[in-house]
Amino acid sequence: MKKSTAKSGAKSAVAKSARGGLSYSIIAADPAAHLFAVTLSIAEPAAVGQIVALPAWIPGSYMIREFARNIVQIRAESNGRKIALKKLDKHSWQAAPCDGPLTLHYLVYAWDLSVRTAHLDQTHGFFNGTSVFLRVVGQENAPHVVDIQRPQGEAYEAWRIATALPTLKAKRGSFGSYVAANYDELIDHPVEMGSFQLATFKAHGVPHEIAITGNVPNLDLARLSADLKKICETQISFFEPAGSKFAKRAPMQRYVFLTLAVGDGYGGLEHRASTALICARADLPVKGQADMSDGYRTFLGLCSHEYFHTWNVKRIKPAAFAPYDLQVENYTPLLWLFEGFTSYYDDLMLLRSGLIDQPAYFKLIEKTINGVLLGSGRHKQSVAESSFDAWVKYYRQDENAPNAIVSYYTKGSLVALALDLTIRSETKGRRSLDDVMRALWQRYGRDFYAGNALSGRGVSEAAVEALFDEVTGLKLKRFFDRYVRATDDLPLAKLLAPTGIVLNDSRKPGKPSLGVRTARNGGDCKLANVYEGGAAHRAGLSAGDVLVAVDGIRVPNSLDALLVRYRVGDSVVVHAFRRDELMTFRVRLLADSAPQIGLKAEAKPALVPALRTAWLAGRSGR
């Protein structure tokens with residue numbers, strides 16, 4: 001009861017201080033034209049002329065996106081008089097000095113069907129605050145009140161709201177006023193509006209909601225809720241295990257999964273008390289079907305990933321993000337930890353929560369290993385460099401990406417796997433990566449419990465490595481030098497051996513290949529990627545070329561079906577269009593170099609090594 005009273009009092013204090021301060025109203029003004037209308041009222045604008053700005057990027061998606069380009073009209077007034085607005089740069093404006101309150105009116109175009117920005121039509125509305133709420137420069141730490149208004153018309157009477165933003169006068173789930181303690185909190189609570197399916201559950205006492213937007217017949221919300229509950233409780237207990245002063249305590253009062261189901265889509269973006277997700281309709285569970293489809297497993301892995309971010313990146317942050325500067329790039333070499341380690345634990349949490357079994361988990365590891373080994377870019381770029389260059393390389397990939405870069409998500413997850421196995425083996429099971437993650441949380445994330453929500457210090461690269469050594473009692477500098485700052489392949493076969501798991505390559509010898517990845521564009525077979533050192537690369541074929549024929553035979557839907565009639569070393573004539581010019585290439589077929597790594601558990605159940613049992617179950621000797 002005392003906790004509830006304290007939280008309620010804090011909320012009232014924020015609301016009281018917000019009166020007459022900064023307030024916004026937002027309405028889906030024209031869903032058919034995809035326009036949100038926003039009004040910003042500033043009670044005490046800067047005397048020299050108030051500056052306002054829209055963020056250039058959104059945390060969790062590391063690319064300058066220039067959201068201000070979607071503001072199609074903006075004007076300012078004070079006491080009924082027009083106030084001049086001067087545009088300072090691509091995302092900032094300055095109002096002329098005025099004697100009274102300043103009000104800005106602007107329209108935002110919302111037609112990006114993603115988790116990053118805003119989308120509006122007659123079926124639903126969605127927005128991230130970074131796309132619609134101008135920042136009042138100099139008043140970022142003041143409370144911000146938002147009035148989310150219902151669109152006009154009978155068609156929208158059934159619409160409701162899903163968001164983790166704290167209510168002010170609105171009833172939860174309804175249109176009305178909401179409040180944020182500061183601008184950082186305001187933009188960290190995405191909002192979904194429409195006629196969505198909604199389910200609720202509690203994870204260790206914390207209310208959770210999942211809102212599904214889109215036409216999903218026979219959606220099994222009960223199963224989805226039960227499965228998400230297992231994931232959430234497993235992760236809460238992971239960071240605050242039994243025996244902890246904060247045992248089974250989540251770092252938020254409420255959590256919301258905002259999910260848009262479409263014909264084909266995948267993605268997620270983390271927030272402090274919610275996540276925005278997009279998935280394929282077919283990936284969601286169907287009533288009466290008890291099996292675990294690959295699509296549903298993928299969706300649960302996505303939910304697990306974004307939920308793990310509640311701790312790892314939303315509260316435990318790299319120093320470069322504490323605080324965020326949303327007008328320019330924030331460079332850090334640590335995304336391999338914040339995204340890569342999250343990618344390691346997302347699937348591991350599915351196993352530890354009992355949603356998948358060990359063979360299914362090993363299949364997921366195999367997929368990650370094969371994905372990393374496929375590209376030669378891993379020999380050119382370290383995961384630390386990949387992290388730093390995310391702004392210009394990972395989020396701006398082109399057809400040459402597999403040959404030039406490595407993913408800090410996938411190789412970062414293998415770094416986590418290798419560290420976990422290394423620590424468990426060298427400490428004889430007394431320590432693990434789990435212990436390091438909990439130490440990071442305790443020192444760099446738990447400021448939340450001291451009342452400094454999300455304002456804690458960030459962790460530096462040097463501090464991360466020092467913490468690894470301190471917690472494990474090992475000297476891991478050589479590991480970081482080779483596998484994080486350099487480009488060595490991880491010795492996974494050696495590290496997995498003590499667990500009784502054999503890593504092997506099951507490629508069929510002698511299978512001929514062009515060394516490409518193709519994509520169908522209508523009836524055309526287009527080269528999406530040409531892998532470095534492959535037969536196509538050596539013959540001069542390029543990404544974007546459209547294959548027409550091999551030895552005079554039209555290229556079918558499956559290139560492999562055509563090449564099966566050849567042997568490694570055979571020379572073939574390939575005709576392809578480059579732009580609108582027909583070209584001829586003589587290609588000497590090479591052996592398929594795509595990795596096909598498999599994991600095989602050698603030990604019988606009664607003889608499973610203790611190291612494997614502890615790793616997969618989440619135990620260490622502490």
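## A walk through the predicted fold

Two strands count as paired if DSSP finds at least two bridges between them. The strands themselves, like the helices, are DSSP runs numbered from the N terminus (H or I over at least four residues for helices, E over at least two for strands). Within this pair, Val52 has Val136 of S11 as its bridge partner.

Before going further, a word on what you are looking at: this is a predicted model, in which local features need pLDDT of at least 70 and side-chain atom pairs count only at pLDDT 80 or more, while totals for chains, interfaces and linings use all residues. Residues are numbered from 1 along each chain as its sequence is written, and side-chain values use heavy atoms, with hydrogens and water left out.

Back to S3 and S11. They belong to an open sheet of four strands, ordered S6-S7-S3-S11, with antiparallel pairing. Strand S6 (85–89) and strand S11 (135–136) have a single partner strand each, so one side of each edge strand has no neighbour in the sheet.

Now step back and take in the whole chain. The protein chain holds 17 helices and 30 strands. Its radius of gyration is 27 Å, close to the 25 Å that the globule rule gives for 622 residues, so the chain is as compact as a globular protein of that length. That radius is taken over C-alpha atoms, and the rule is 2.2 Å times the number of residues to the power 0.38. Along the principal axes, the C-alpha atoms of the chain fill a box of roughly 80 × 65 × 50 Å. How much of the chain is buried? Of the 622 residues, 54% are buried, where buried means under 20% relative accessible area, exposed means over 50%, and partly exposed lies in between (1.4 Å probe, protein chains only).

A second sheet is worth a visit. This one is also open, with four strands in the order S9-S10-S15-S13 and antiparallel pairing. At its edges are strand S9 (118–120) and strand S13 (160–162), each pairing on one side only. Neighbouring strands in this sheet are turned by 15° against each other on average, direction ignored. For that angle, axes are lines fitted to C-alpha atoms (for helices, over the stretch in contact), and angles run from 0 to 180 degrees between N-to-C directions.

Inside this sheet, look at S15. Strand S10 (residues 124–127) is joined to strand S15 (residues 191–194) by four bridges, and the two run antiparallel. What covers the picture of S15 from its two faces? Both are covered: Val191 and Met193 on one side, and Glu192 and Gly194 on the other, are all buried.

Time to head for the surface. Val72, Tyr109 and Trp111 make up a nonpolar patch there, with about 300 Å² of accessible area together. Patch members have over 30% relative accessible area and no salt bridge; like charges are joined within 9 Å, and nonpolar side chains (Val, Leu, Ile, Met, Phe, Trp, Tyr) within 5 Å. A salt bridge here is a side-chain nitrogen of Lys or Arg within 4 Å of a carboxyl oxygen of Asp or Glu. The areas come from the Shrake-Rupley method with a 1.4 Å probe, and for residues only the protein chains shown count as cover. Trp111 sits in the loop between strand S8 (102–109) and S9, and at 42% relative accessibility it counts as partly exposed.

Most residues other than glycine have a negative phi, and most peptide bonds are trans. Asn79, not a glycine, has a positive phi of about 50°. Asn79 lies in the loop between strand S4 (71–78) and strand S5 (81–83), and counts as exposed at 60% relative accessibility. Asn218 also has a positive phi without being a glycine, at about 55°. You'll find Asn218 in the loop between strand S17 (206–213) and helix H4 (221–239), exposed at 52% relative accessibility. The peptide bond from Ala322 to Pro323 is cis, with omega near 0°, and Pro323 is in the loop between helix H5 (294–308) and helix H6 (335–352).
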